[in-house]
Amino acid sequence: MACQVLVLNQVHLLGYITPLLLGYMMVCFHRGTSRVVTLLWGFTIGLIFDIFNNTAGMASAACTFVAMIQQPLLNMFAPRDAAEDFVPTFNSLGFWSYLSYTLILMFVLHAVFYLLDAFTLSDWQMTLYAIVGGTLLSCLITFFVELLVRTRKVQ
Amino acid sequence: MRALIDLLINGKHWFLFLLLEAVSLFSLFSYNGYQKSVYFTTANDVAGTAYSIISSVTSYLYLQTANQRLEADNQRLYREIAQMKEQMAEAGLDTIHPHGLPTKYDFVNAQIVNATTHKTNNLITINKGEADGIRPEMGVVCSRGVVGVVYLTSKHYSIVLPLINVNSKVSCRLRGSDYFGTLNWHRGSSLCTYATGIPRHADVKKREIVETNGYSDIFPPGLPIGLVADIGDSPDGMSYLLTVKMFADFATMREVSVITNYTKPERRELEQVADSLMKSEDI
C-alpha cells in the first residue's frame, strides 16, 4: 500500500495511465476465504487508497466490486482438486491461468475505477486507454512483484 | 421466519456488498464536486422527463373536463355575441339605450346520451329535462352552430328534433342579406341539409354563411347553421334550392346547449289567436 501511495501514484504514463497495485492484494486472497472477509478487506484497501489520493469512493467501490468477484473467479481457474486454502500464485496456477486470472481482476478494477473517475462516456477513448494501459501496467508490476516474492521465498 | 433468517445468513455477503458499495457511492457523490454535479444534472433530467410523462397522462385524463369547460365557454361567448348583435340592432333603432341590460338568453348545457344519424327521422336524446327548465320548442345549439329543436321532454331527459330529421323546419337567411328561407332535410348525408324559399333574384354565392333569421321564437337571429355548398333550383323554379353544409357534425357531437328563455309565450299566444281567427274567418 505504501508502494502504491508513495511511488505508483506519482506514475502517470502518457499523462493518464496510473497502475493500481492495490489489485495485487486482491489477487492474493487464498481460496476459501470468506466472502465477508474479502469484502471488508477490499473496502478497507480502497478506502486507504482514497484517503491518500483524494478520490473519495472511487477505489473503495472498485475494490469492493473486485473482492466480490475474486472468489468465483479463482474457483474458475483453480484446479478441481485444489485444497481449501489454495493460494493463487504464478507456480500453483500456471502461467496462462495466472495471467488470465490477474488480467480479468485488474481489468475489472481499472474499469470500475476509471469509469467512476471519468463519470461520462463523452471522452470514452481516453477512458478506454487508461483502463487498458493501467491493466497491462498493473499486470506487469504484479508479475514482477510475484517473481520477487517467490524468488525470495525459494532462497 | 426461519427461511428469512436462512436468507439473511446465506446472502449476508450480498447485503454487505450492497452496503459497502452504497457507502462508497455516497462518498463519491458527497466529496467529489464533478461527480456530484453530473449526478444531480442527470437526476434532474430523469426527474424532469418523468414529471413530463406524468403531466401528459394527467392532462389526458382531465381532457373531458377541459372539453366541457371549453364547451361552456363557447356557449357563453356565443350568447354574448348574440346579445351584442341584438343590442347593436336595437341601438340602431333607438339610440337611448340603458347600460347593464339583463341577460336575454339562458343556456342549459347538456350531454347527448343517444343519437341516430342514419334514419329518416333522426332524434337526439339529451340528459336534461323539465327539472332543468327545458320545455318543448326550445332551440338546441352546439359550439359550432344550430343543432335542432326540443321535441319532447320528461323530467330528466329530452328528445331533440335535429336538423337532420325530415320533419325539421328552421327559418334561415344568408348572412349579410335579408333574404330568408326554410331549412329542410331530405335524407341522405348527415352533413348537408337544404334551404328553400330564397328567391332567384337574390345574389347567392357558394361558401356564404347560412344563419338563423330570428323570425321564429325558437332561435335568436345570427346563429350559424352552415355554408352554401351548392346552388340549385327548387322544383317549382321560383326559388333556389341551396345545399347547406352544416357546421354541426352530428356524428361526433357530444355536448349541446338548450336556449331556455328565448321562447316568448306572449308572442306564441298572439300568433295562435291570430291563426284561430283566420281559421274562423275562413269557415
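## First stop: a run of hairpins

Select E4(B) and E5(B): they make a hairpin, with four residues between them. Helices (H or I, at least four residues) and strands (E, at least two) are DSSP runs here, numbered from the N terminus. Before going on, note that this is a predicted model, where local features need pLDDT of at least 70 and side-chain atom pairs count only at pLDDT 80 or more, while totals for chains, interfaces and linings use all residues. Residues are numbered from 1 along each chain as its sequence is written, and chains are lettered from A and ligands numbered from 1 in the order in which they are written.

E4(B) and strand E5 (residues 158-162) of chain B pair in the antiparallel sense over five bridges; two strands pair if DSSP finds at least two bridges between them. Pick Val150(B) and you'll find it opposite Val160(B) in E5(B).

Now look on the other side of the sequence, at strand E3 (residues 139-142) of chain B. E3(B) and E4(B) also form a hairpin, this one with two residues between them. Their pairing is antiparallel, over four bridges, and Cys142(B) has Gly145(B) in E4(B) as its bridge partner.

## Second stop: what is covered

How many of the nine residues of strand E4 (residues 145-153) of chain B are buried? Seven, so to speak "mostly covered". A residue is buried if 20 or more other C-beta atoms lie within 10 Å of its own, exposed if 12 or fewer, and partly exposed in between, with C-beta atoms placed from the backbone. E5(B) is largely enclosed by the rest of the structure, because four of its five residues are buried. Across chain B, 25% of the 283 residues count as buried.

Next, select Val146(B), Val147(B) and Val258(B): among the 42 residues of the largest nonpolar core, they touch the most other members. A nonpolar core is a set of buried Ala, Val, Leu, Ile, Met, Phe, Trp, Tyr and Cys residues joined through C-beta atoms within 7 Å. Keep Val147(B) selected. Leaving aside its neighbours within four places in sequence, its contacts include Val160(B), Leu163(B), Ala248(B) and Val256(B); residues are in contact if their C-beta atoms, placed from the backbone, lie within 7 Å. There is also a second, separate core of 37 residues, which includes Leu22(A), Phe43(A), Ala62(A) and Leu109(A).

Zoom in on strand E9 (residues 209-212) of chain B and strand E10 (residues 224-233) of chain B, which are joined by three bridges. Val210(B) has Gly226(B) in E10(B) as its bridge partner.

## Last stop: where the chains touch

Show both chains. The contact takes 15 residues from chain B and 14 residues from chain A. On the side of chain B that touches chain A, helix H2 (12-31) and helix H3 (33-61) of chain B are the elements giving two or more residues, and H2(B) has the largest share, eleven residues.

Finish on H3(B). What is the count of buried residues among its 29 residues? One, and the helix is hardly covered.

Notes:
Two residues are in contact if their C-beta atoms, placed from the backbone, lie within 7 Å.
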